[in-house]
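Biologist: Could you take me through the sheet in this structure, one part at a time?

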Amino acid sequence: MNDFGEVIYSYTRKQAIADGVLVDVSAWASPREMMGGFKIPVAMTAAVWSMVEAPEGSHEDTRGRAHDVLWMASLAARRNRDADRATFAVLIDGKEIDLVLHVGPGDDAEPVATIMLPGED
């Protein structure tokens, strides 16, 4: 029990991924797949993922667009090592999109990263 009493309900990261609220991109973000990649799990919110998914008939592919977001997020993380949150911008469809990288505790208090739009906390 904590100072506020028992937890009535919690929505876990695992549930959010299963529900599609978050999209797990950990494999693509890993050092094995991306130079300078993340050593912790990474997810994008569904809103960010909808921008990353390449439209049908596009000359771009989803993997390449995701790489751009992940690369810019990794640079933002390096610039802000002592913070749990970093903002960065990425070009998607020729438009500059502001995004936020948040590093915080996962379901088991392990560090995890989430890429989201500003205000999506």
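**The sheet and its hairpins**

Modeller: A hairpin is formed by β3 and β4, with 2 residues between them, and Asp 93 in the turn has a positive phi of about 55 degrees. Strands here are DSSP runs (E, at least two residues; helices are H or I, at least four), numbered from the N terminus. This is a predicted model, in which local features need pLDDT of at least 70, side-chain atom pairs count only at pLDDT 80 or more, and totals for chains, interfaces and linings use all residues. Residues are numbered from 1 along each chain as its sequence is written, and side-chain values use heavy atoms, with hydrogens and water left out.

Biologist: How many bridges join β3 to β4?

Modeller: There are 8, and the two strands run antiparallel. Two strands count as paired if DSSP finds at least two bridges between them. Ala 86 has Leu 101 in β4 as its bridge partner, and Arg 85 stands opposite His 102.

Biologist: Which residue does Leu 101 stand opposite in β5?

Modeller: That residue is Ile 115. β4 and β5 pair in the antiparallel sense over 6 bridges. Their hairpin has 5 residues between the strands, and Ala 109 takes a positive phi near 70 degrees there.

Biologist: What is the order of the strands in the open sheet?

Modeller: The order is β1-β2-β5-β4-β3, with mixed pairing. The edge strands, β1 (22-24) and β3 (85-92), each pair on one side only.

Biologist: Which strands does helix α4 touch?

Modeller: Helix α4 (residues 62-79) packs on the sheet and touches β2, β3, β4 and β5. Contact means heavy atoms within 4.5 Å.

Definitions and conventions. Axes are lines fitted to C-alpha atoms, for helices over the stretch in contact, and angles run from 0 to 180 degrees between N-to-C directions.
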